[in-house]
Amino acid sequence: MEWAPAECALPTEERPLRVAEFDELFATALRGLERVGPAHLRLRLKGGERTVRDLTARETECCAFFTFTLTADGEELTLDIEVPPVHSRVLDGLAGLAVRAIEAAPRSGS
């Protein structure tokens, strides 16, 4: 997690575990993503609202510069993640995890 900023309060030894939590969420729930801007990422998720709320709350505790906005419409979730421009590198890292999950997902109809 070389993209973690110096301000991150999560102990270094716990950072791989946090990345694994995001990897798991993306592998099981991510349905799409859109880079709205350099400091704004939008994820479309299916289910897992409790998991998303727990994970984003804990992430905000260690990296308070994140703004997570979760919108639920039934089982469909939209998670908007925004950071100040100075932290766009952190968002790039998170987006990279999401892209890898999308690329690794089995394709239907192929």
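Glu 14 is placed in the segment before α1, where helices (H or I, at least four residues) and strands (E, at least two) are DSSP runs numbered from the N terminus. The model is a predicted one, in which local features need pLDDT of at least 70 and side-chain atom pairs count only at pLDDT 80 or more, while totals for chains, interfaces and linings use all residues. Residues are numbered from 1 along each chain as its sequence is written, and side-chain values use heavy atoms, with hydrogens and water left out. Glu 14 is partly exposed, at a relative accessible area of 36% (buried means under 20%, exposed over 50%, partly exposed in between, with a 1.4 Å probe and protein chains only). Between the C-alpha atoms of Glu 14 and Leu 25, which are 11 residues apart along the chain, the separation is 17 Å.

The protein chain contains 3 helices and 4 strands, and from the N terminus on its elements follow the order α-β-β-α-β-β-α. Its radius of gyration is 14 Å, close to the 13 Å given by the globule rule for 110 residues, so the chain is as compact as a globular protein of that length (the radius is taken over C-alpha atoms, and the rule is 2.2 Å times the number of residues to the power 0.38). Along the principal axes, the C-alpha atoms fill a box of roughly 45 × 25 × 25 Å. Of the 110 residues, 42% are buried. Among contacts (heavy atoms within 4.5 Å) with a separation of 6 or more, 58% join residues 24 or more positions apart.

The largest nonpolar core comprises 31 residues, such a core being a set of buried Ala, Val, Leu, Ile, Met, Phe, Trp, Tyr and Cys residues joined through side-chain atoms within 4.5 Å. Two or more residues of this core come from each of α1, β2 (40-46), α2 (49-62), β3 (67-73), β4 (76-82) and α3. The largest contribution, 7 residues, is that of α3. Phe 26, Leu 43, Leu 45, Phe 66, Leu 79 and Ile 81 have the most contacts inside the core. With residues up to four places away in sequence not counted, Ile 81 touches Ala 39, His 40, Leu 41, Leu 43, Phe 66, Thr 67, Phe 68, Leu 91 and Leu 94.

Leu 77 lies in strand β4 and is buried, with a relative accessible area of 2%. Beyond its neighbours within four places in sequence, the contacts of Leu 77 include Leu 43, Leu 45, Val 52 and Leu 70. Gly 48, also among these contacts, is 29 residues from Leu 77 along the chain, with 8.5 Å between the C-alpha atoms.

Leu 33, in strand β1, is partly exposed, with a relative accessible area of 28%. Outside the four places on either side in sequence, Leu 33 is in contact with Leu 41, Arg 42, Leu 43, Arg 44, Ala 98, Val 99 and Ile 102. Leu 33 and Pro 106 are 73 residues apart in sequence, and their C-alpha atoms are 16 Å apart in space.

Pro 106 is also one of the residues nearest the centre of the largest pocket, together with Leu 30, Ala 101, Ile 102 and Ala 105. On a 1 Å grid over the protein atoms alone, a pocket is an open set of points where a 1.4 Å probe fits, with protein on both sides within 12 Å along at least five of seven lines, and lining residues have an atom within 4 Å of a point. The volume of this pocket is about 170 Å³, the space filled by probe spheres set on the points, which are joined across faces, edges and corners. Its lining of 10 residues has 8 nonpolar, no polar and 2 charged residues (nonpolar: Ala, Val, Leu, Ile, Met, Phe, Trp, Tyr, Cys and Pro; charged: Asp, Glu, Lys and Arg; polar: the others, Gly among them). At least two lining residues come from each of α1 (15-29), β1 (30-37) and α3 (88-104), and α3 supplies the largest share, 3 residues.
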